[in-house]
Structure formats: structure tokens, C-alpha cells
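User: Hi! Could you walk me through the aromatic side chains in this one?

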Amino acid sequence: IRKITGVENTFIRGILVSSAHQYFIVLLKERPFEIWDAKHLTLISVVKLGQFVTSLVWSPQPKNFVEGKVVKESLIFSTADGNIYQYTFENNHIFNSSQLHLDFTANMLTSLAWRGNMLVTGDTNGTICCWNMHEKKTKLIQTGKGIVRRIRFAPSDKPYILVTFSEGDFGIWDIDQCSKIGGSNYLKEKELRAIDIDWLTEYCPVAATTDGCIRIMDRTLSTLN
């Protein structure tokens, strides 16, 4: 559905499908990103901002969602100049666009996660910001771990996030209490790093590590199964 043309001097660096599977984003290096209609496989829009997109996230899947039903969806993304934008889509059109203003000054954002009214951001300094979009209230968590690579909410209503960092460290935080539940000390003691990690269940992460193993951990990340 999309092919490189002879004059195109860039490459695709990522894709992201919306939660209701109506749209997908094509991220290009040093170029505006593209928004596609997933049903008809047609290009909807090319977003031109003049800034490199550093992270993006689609709105969570609506409650009582029925596959095939047309719903309104939103996309939040950050740019290298520290700005955050929200685009809302309806019937294959950009219904609304706005710039979000968090009540703190962040470094360049590198990761976003969204669940319900809560938007969680991570930056190049290891700071995690938990912003309640409805109440306009912010909580900050200073991890001191460097660049945040990925943030994942637990697959439940528990207020837990799994955070991975660029150097292979990771940890679980309770965003209600702004407290750390567990970290990657077990792997550090064995001189191992996580290549990738995700939630397997609402309490157990699963990690791929540098020794070629897959490890299932408990919520505190202190024991392995």
C-alpha cells in the first residue's frame, strides 16, 4: 500500500496502530509522519511540524468497544522541542488538534503511556511525570536512571507501570503512591541486562535478557520462576 519513490530520501522508523484498529501511524526519519486509514488503506494526512517526533501513544480502547464500530480516537505525541500535541480523529478526519501544557518543565520526552485519564511521560533525564488529564494535576517521580525507553501500564486496574531505560535497567512503580515496588537488582548481580520486558500478567513481568534467556518475575522483580 506504500512504496518508496525514487525521490524519497528517508526510511520508515516505526508504525503504530490505534487501539480501535481504525488508523495507523507511519513514522519517517527526518520527515513528517503519516496517518493512514486502516480499513480502506488510504493516506489521510501528513503531519508537518518541523520537529522530530520523539514519542507517541494512541488513546486507550473505549469501554464496551465493538470491533468494526466507528469511534472517536485520539493521538498524543511529543516533539524534540519539548512540546506535546493531541489530535482527535473521527470519520477519517482530524476532528480537533491542540497543544497540551503540563504544569512542569520537562527534558525531551522519550516515552508516553495512556490509560483512562492518566497520561504518563518519561524523559531523557529519567523523570516520570504522571498527569491526570481530567483534574490537571501532576505527580513527578525522579528515577535517576537516565533515558526512559518505554512505559507500560499493568494489564489491570492496578496503578502500576513497568519502566525500561536505555541502559537495560527496569523497574515497577506505583503511580498513586509515587513509590518504587521493584527494580532490576537481581539481574545486575548476575551482570545481566534486559533486552526487552513486558507484562505477562497483572503481577508478573517477562524479560528477555542478554544471556539469551526468558525470565518470568514476580511484581517485586526479586524472584524468578
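Predicted model: local features only at pLDDT ≥ 70, side-chain atom pairs only at ≥ 80, totals over all residues.

User: Great. How many aromatic pairs does the structure hold?

Analyst: There are 8 aromatic pairs in the structure. One of them is Phe-33 with Phe-77: the ring centres are 5.1 Å apart and the planes sit at 80°, which is over the 60 degree cut-off, so this pair is edge-to-face.

User: Where do Phe-33 and Phe-77 lie?

Analyst: Phe-33 is in strand 3 (residues 33-37), while Phe-77 is in strand 6 (residues 73-79), so their pairing ties together parts 44 residues apart in sequence.

User: And are they buried or exposed?

Analyst: Phe-33 has 2% relative accessibility, so it counts as buried. Phe-77 is buried too, at 0%.

User: Okay, switching over to Trp-58 and Phe-89. What kind of pair is that?

Analyst: That pair is tilted, because the planes are at 50°, with the ring centres 5.5 Å apart. Trp-58 belongs to strand 5 (residues 53-58) and Phe-89 to strand 7 (residues 84-90), so the pair ties together parts that are 31 residues apart in sequence.

User: Buried or exposed, those two?

Analyst: Trp-58 is buried, with a relative accessible area of 4%. Phe-89 has 0% relative accessibility and counts as buried.

Conventions: Residues numbered from 1 in each chain as written. Heavy atoms only, no water. Phe/Tyr/Trp six-rings, centres within 6.5 Å; stacked < 30°, edge-to-face > 60°. Helix = DSSP H or I, 4+ residues; strand = E, 2+ residues; numbered from the N terminus. Buried < 20%, exposed > 50% of the residue type's maximum accessible area, 1.4 Å probe, protein only.
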